[in-house]
Amino acid sequence: MKKVDLLLFGATRNTGLSIACMAVGKGEAVAVMARKESDVSALKRLGVTVVHGDAFDIQDCRRTLNDIRPRRVVSLMGGKNAQGRRVCGEGNINVICALEESDSIERCLLVTSMGCGEQYEALSDHVKKFLGEALRAKTEAENYLKKSGLPWTIVRPGGLSDEPASGNFCLLDGADRSRKGYVSRGDVAAAVLRVLDDPVWLYRAVTVQCDKDVEDAIHA
Ligand SMILES: NC(=O)c1ccc[n+]([C@@H]2O[C@H](COP(=O)([O-])OP(=O)(O)OC[C@H]3O[C@@H](n4cnc5c(N)ncnc54)[C@H](OP(=O)(O)O)[C@@H]3O)[C@@H](O)[C@H]2O)c1
């Protein structure tokens with residue numbers, strides 16, 4: 001097998017699928033770990049290597065890393081299963097644990113969310129009520145990654161939309177209330193690939209928001 005440049009967890013659809021598409025477009029060899037019941041037809045059409053595995057099972061994560069031996073890893077897994085277990089916490093921690101035991105990699109990038117980590121306390125009670133559980137699970141994975149000894153970057157996007165990518169995203173050290181809170185999945189995918197190989201973003205958590213539209217800025 002050609003050496004795999006990028007292994008993705010959570011790329012059957014949405015932002016992860018956009019990253020796969022862009023990376024393949026750049027000539028990279030891409031692999032994805034996906035559950036066996038997932039629809040991987042779009043990934044197959046792209047020529048991506050699909051390994052079956054469930055991130056709740058650490059053995060699946062270990063086996064995937066052993067088989068693929070990637071140069072870089074990006075995880076975007078989100079959501080919770082029927083038993084209420086959150087893959088963005090538990091699943092991501094399994095991936096990080098398995099990575100700690102495997103060959104060294106150039107970068108491990110974890111996509112979480114604006115509002116995680118040190119940003120949590122500044123959130124309104126309303127946001128904490130509706131998103132708190134997910135944000136705390138993602139923060140747990142962030143903290144695990146920071147302590148892991150892996151070469152890490154964390155990407156915290158604002159609310160995701162399916163608007164076309166604008167290229168108008170910005171990379172910030174913290175949340176900025178003067179900018180839009182929403183960002184398109186296509187822009188987040190581009191932002192992930194922008195920071196993935198950039199040493200500037202190593203050991204940093206980057207918040208991704210959208211710049212104001214020119215129109216908005218004129219009327220501000
Ligand atoms: N929605 C928002 O506004 C928002 C805002 C900020 C950050 N985020 C976060 O950004 C990330 C990307 O979001 P998105 O909406 O583009 O993607 P998404 O639709 O949430 O995709 C989640 C991915 O995780 C995979 N997954 C779930 N459980 C898994 C498991 N046990 N093992 C392996 N894979 C599993 C899913 O695969 P299947 O096809 O098998 O389900 C899917 O590929 C997520 O972590 C999300 O929470 C979302």
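This is a predicted model: local features need pLDDT of at least 70, side-chain atom pairs count only at pLDDT 80 or more; totals for chains, interfaces and linings use all residues.
Visitor: Let's start with a helix. Which residues of helix H3 (residues 58-68) are buried?

Guide: In H3, the buried residues are Asp60, Cys61, Thr64, Leu65 and Ile68. Around the helix axis they span an arc of only 130°, so they sit on the same side of H3.

Visitor: Which exposed residues does the face turned away from the buried side of H3 carry?

Guide: There you will find Gln59 and Asn66.

Visitor: Now a strand, please. How should I think about its two faces?

Guide: The general idea is that side chains in a regular strand alternate between the two faces of the sheet. Take strand S6 (residues 152-157) as the case here. One side has Trp152, Ile154 and Arg156, the other has Thr153, Val155 and Pro157, and all of these are buried.

Visitor: Why is S6 described as largely enclosed by the rest of the structure?

Guide: Because six of its six residues are buried.

Visitor: Which strands are joined to S6 by bridges?

Guide: Strand S5 (residues 107-111) runs parallel to S6, with four bridges between them. Within that pairing, valine 111 has valine 155 of S6 as its bridge partner. S10 is also parallel to S6, joined by five bridges. You can trace this pairing through arginine 156, opposite threonine 207, and proline 157, opposite valine 208.

Visitor: What do S5, helix H5 (residues 125-146) and S6 make together?

Guide: They form a β-α-β unit, and its hand is right-handed.

Visitor: Is strand S10 (residues 204-210) mostly covered or mostly open?

Guide: Mostly covered, with six of its seven residues buried. S10 also pairs with strand S8 (residues 169-172), this time antiparallel, through four bridges. In that pairing, phenylalanine 169 lies opposite cysteine 210.

Visitor: Last stop, the ligand. Which of the 26 residues around it come nearest?

Guide: Those are Gly10, Thr12, Asn14, Thr15 and Gly78. Helix H1 (14-25), H4 and strand S7 (159-161) each give two or more residues to the shell.

Visitor: How many residues of that shell are nonpolar, polar and charged?

Guide: The shell has 11 nonpolar residues, 11 polar ones and four charged ones.

Key. Residues are numbered from 1 along each chain as its sequence is written. A residue is buried if 20 or more other C-beta atoms lie within 10 Å of its own, exposed if 12 or fewer, and partly exposed in between; C-beta atoms are placed from the backbone. The arc is that of the directions from the helix axis to the C-beta atoms. A residue is near a molecule or strand if its C-beta atom, placed from the backbone, lies within 6 Å of it. Ala, Val, Leu, Ile, Met, Phe, Trp, Tyr, Cys and Pro count as nonpolar, Asp, Glu, Lys and Arg as charged, and the others, Gly among them, as polar. Two strands pair if DSSP finds at least two bridges between them. A crossover is right-handed if, with the strands pointing away from the viewer, the path from the first strand over the helix to the second runs clockwise.
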